[in-house]
Amino acid sequence: MVFSVYLTLGEVERLKIADRSKDGTVQARRNGYFTGKAPFGYRNHKIAKKQPSLIIHEGEAKIVREAFLRVAENVDSVEAIYLDLKKKGMRITKQTFYRMFTNEVYCGKIRVPDWKGQPEETVQGKHPGIVSETIFYKAQANKMNNRWKGIVPKSEDIRFPLRNYVKCPRCGKNLTGSVSHGRTKKYPYYHCRKKCNHRVSSGDADKFIIQLLKSIEIKKEF
């Protein structure tokens, strides 16, 4: 019986320590201090009175900014952006990449969990944001609404430079490209993957984009 009492006292003390530790962590986050391992783009850092916070790692932050801007623009699929940034040297998993767009830390905020009757909330952090709140929430909405915007080609095809960059005027999905075989020639087309069957000659589409770019190019004298 005495041995059981000793074991119980040890367990009670362990629970008290864990509870006090959780209290301290939640209060620190409520005051704007970041606790835990720094996410991609940041490094852990101590500020006034050795409080935990974050500093920006500029090499990684450059990739984070590009990712958020491209997802916010909603031109490519998140999957295509992830694969492209991997080619540029980004070294994080796909799951980590997708979680970036739900982590308010990147716009200078900190999420405080619900604890002891106090509801979950988001507060202003002591650390600098890598992207603005506008870009963050726009990218978050685009990521949540449409993770896949099309099938990413396994390899590039110089015949279809606009593939996955132009949209179907009927259903709004990204157009892909393929070649139609005629009697004596092959005809390249951009076309929709859906049942709307919309298609346009790749030559006509490419000429249109070239003319569009020429209309907005900077004059040589400038």
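Phe68 has a relative accessible area of 0%, so Phe68 is buried. Before I go on, note that this is a predicted model. Phe68 belongs to helix H2. What does Phe68 touch, leaving out residues up to four places away in sequence? The answer is Met100, Phe101, Tyr106, Val131, Ile135, Phe136 and Ala139. Compare that with Ile55: Phe68 and Ile55 are 13 residues apart in sequence, and 19 Å apart in space from C-alpha to C-alpha.

Staying with H2, let me turn to its packing against H3. Two packed helices are described by the angle between their axes and the distance between the axes. Here H2 covers residues 58-73 and H3 covers residues 78-87; their axes come within 10 Å and cross at roughly 155°. The cut-off for roughly antiparallel is over 145 degrees, and H2 and H3 are therefore roughly antiparallel to each other. The crossing of H2 and H3 is right-handed. On the H2 side, the residues that meet H3 are Ile63, Glu66, Ala67, Arg70 and Val71. On the H3 side they are Val78, Ile81, Asp84 and Leu85. By type, the residues of this contact of H2 with H3 are six nonpolar, three charged and no polar.

Strands of a sheet pair through backbone hydrogen bonds, either parallel or antiparallel. Strand S1, residues 42-46, and strand S2, residues 52-56, run antiparallel and are joined by five bridges. S1 and S2 make a hairpin, with five residues between them.

Which residue in that turn has a positive phi? It is Lys49, at about 55°. Most residues other than glycine have a negative phi, and most peptide bonds are trans. Lys49 is not a glycine, yet its phi is positive. Lys49 has a relative accessible area of 80%, so Lys49 is exposed.

Lys116 sits in the loop between strand S3, 109-112, and strand S4, 121-124. Is Lys116 buried or exposed? Its relative accessibility is 52%, so Lys116 counts as exposed; the cut-off for exposed is over 50%.

Three strands form an open sheet, ordered S5-S6-S7, with antiparallel pairing. S5, 176-181, and S7, 199-201, are the edge strands, each pairing on one side only. From one strand to the next, the twist averages 40°. S5 is joined to S6, residues 186-191, by six bridges, and the two run antiparallel. In that pair, Thr176 stands opposite His191 in S6.

Helix H6, residues 202-216, packs on this sheet and touches S6 and S7. The direction of H6 makes about 75° with that of S7. Ser202 lies in H6. Its relative accessibility is 4%, so Ser202 counts as buried. Leaving out residues up to four places away in sequence, Ser202 touches Arg159, Phe160, Pro188, Tyr189 and Tyr190.

That is what I have. Questions are welcome.

Notes. Residues numbered from 1 in each chain as written. Predicted model: local features only at pLDDT ≥ 70, side-chain atom pairs only at ≥ 80, totals over all residues. Heavy atoms only, no water. Axes fitted to C-alpha atoms, helices over the stretch in contact; angles between N-to-C directions. Helix = DSSP H or I, 4+ residues; strand = E, 2+ residues; numbered from the N terminus. Parallel < 35°, antiparallel > 145°, perpendicular 65-115°, else oblique. Left-handed = near helix turned anticlockwise from the far one by under 90°. Contact = heavy atoms within 4.5 Å. Nonpolar A, V, L, I, M, F, W, Y, C, P; charged D, E, K, R; others polar. Pairing = 2+ DSSP bridges. Buried < 20%, exposed > 50% of the residue type's maximum accessible area, 1.4 Å probe, protein only.
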